Amino acid sequence: MQAEYIQIGEIVKPQGIRGEVKLRAMTSDMSRYARLETVFLEKKGVYTETKVRKGRVYDGFAFLQLEGVDDRNAAEALRGCGVYVDREHAIELGEDENFVCDLIGLTAVDTAGREIGRLTDVLTPNSVCDVYVFSTPRGEMMLPALRRVVRSVDVAAGTIVLDEAVLDEVAVWEDEPAERDE
């Protein structure tokens, strides 16, 4: 089931004395923060709709001025809050793109139909490709999210199909020792 809200950031601290907050950005479209009109702040599982007065980006971080947050103390009270948008205001995805929140929990199977495990995390170590992290009976497995290994993703069916022939070549298992050049 798809989540109603999609996380686009987390408030890390107040910025200045006028209530602006600094966010750790969680989006591939940094320009979106300047266009935001409304966000949902999440604290302890409760989502509160909040109007955005102004948004900006600087040095890889996003900054928001929120309605009703007029000083440093009010901004400090929001530290650690998740910042979300509803699906209606989410960015448009391209073909073969999915929101990470929709991928987490999908079951991985190989092209022979054998179940491998569940997707637990998506890492973004660089701009080349994401890394999928799976929980398996054998332990944690990581692999690059490349078309040659990830054959299909079906969010509605809850599955990710991995090419069994390529899997041994690219997967890194928790129980495998690293190879050393000696």
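Me: Why is Lys-44 called exposed?

Reply: In this predicted model, Lys-44 has a relative accessible area of 80%. The term exposed applies over 50%, so Lys-44 is called exposed. Lys-44 lies in the loop between β3 (38–43) and β4 (46–58), and its phi is positive, at about 55°, although Lys-44 is not a glycine.

Me: What makes Asp-59 count as exposed?

Reply: The relative accessibility of Asp-59 is 65%. Because the cut-off for exposed is over 50%, Asp-59 counts as exposed. Asp-59 is found in the loop between β4 and β5 (61–66). Although not a glycine, Asp-59 has a positive phi of about 55°.

Me: Is Tyr-58 buried or exposed, and how do you know?

Reply: Tyr-58 has a relative accessibility of 56%. Buried would require a value under 20%, whereas exposed requires one over 50%; Tyr-58 is therefore exposed. Tyr-58 is found in strand β4.

Me: Which residues are closest to the centre of the largest pocket, and what makes a residue part of its lining?

Reply: A residue belongs to the lining if it has an atom within 4 Å of a point of the pocket. For the largest pocket, which has a volume of about 1,200 Å³, 37 residues form the lining, and the closest to the centre are Glu-97, Asn-98, Val-100, Leu-103 and Asp-130. At least two lining residues come from each of β1 (5–15), α3 (100–103), β8 (115–123) and β11 (150–154).

Me: How many residues of each class line the largest pocket?

Reply: The lining of the largest pocket has 20 nonpolar, 8 polar and 9 charged residues.

Me: What lines the second largest pocket?

Reply: The second largest pocket holds about 230 Å³ of space. Its lining consists of Arg-32, Arg-35, Leu-36, Glu-37, Thr-38, Phe-40, Glu-49, Asp-86, His-89, Ala-90 and Ile-91. Both α1 (32–35) and β3 supply at least two residues of this lining.

How values were computed
Residues are numbered from 1 along each chain as its sequence is written. This is a predicted model: local features need pLDDT of at least 70, side-chain atom pairs count only at pLDDT 80 or more; totals for chains, interfaces and linings use all residues. Side-chain values use heavy atoms; hydrogens and water are left out. Helices (H or I, at least four residues) and strands (E, at least two) are DSSP runs, numbered from the N terminus. Buried means under 20% relative accessible area, exposed over 50%, partly exposed in between (1.4 Å probe, protein chains only). On a 1 Å grid over the protein atoms alone, a cavity is a set of points where a 1.4 Å probe fits but cannot get out, and a pocket is an open set with protein on both sides within 12 Å along at least five of seven lines; lining residues have an atom within 4 Å of a point. Grid points are joined across faces, edges and corners, and a volume is the space filled by probe spheres set on the points. Ala, Val, Leu, Ile, Met, Phe, Trp, Tyr, Cys and Pro count as nonpolar, Asp, Glu, Lys and Arg as charged, and the others, Gly among them, as polar.
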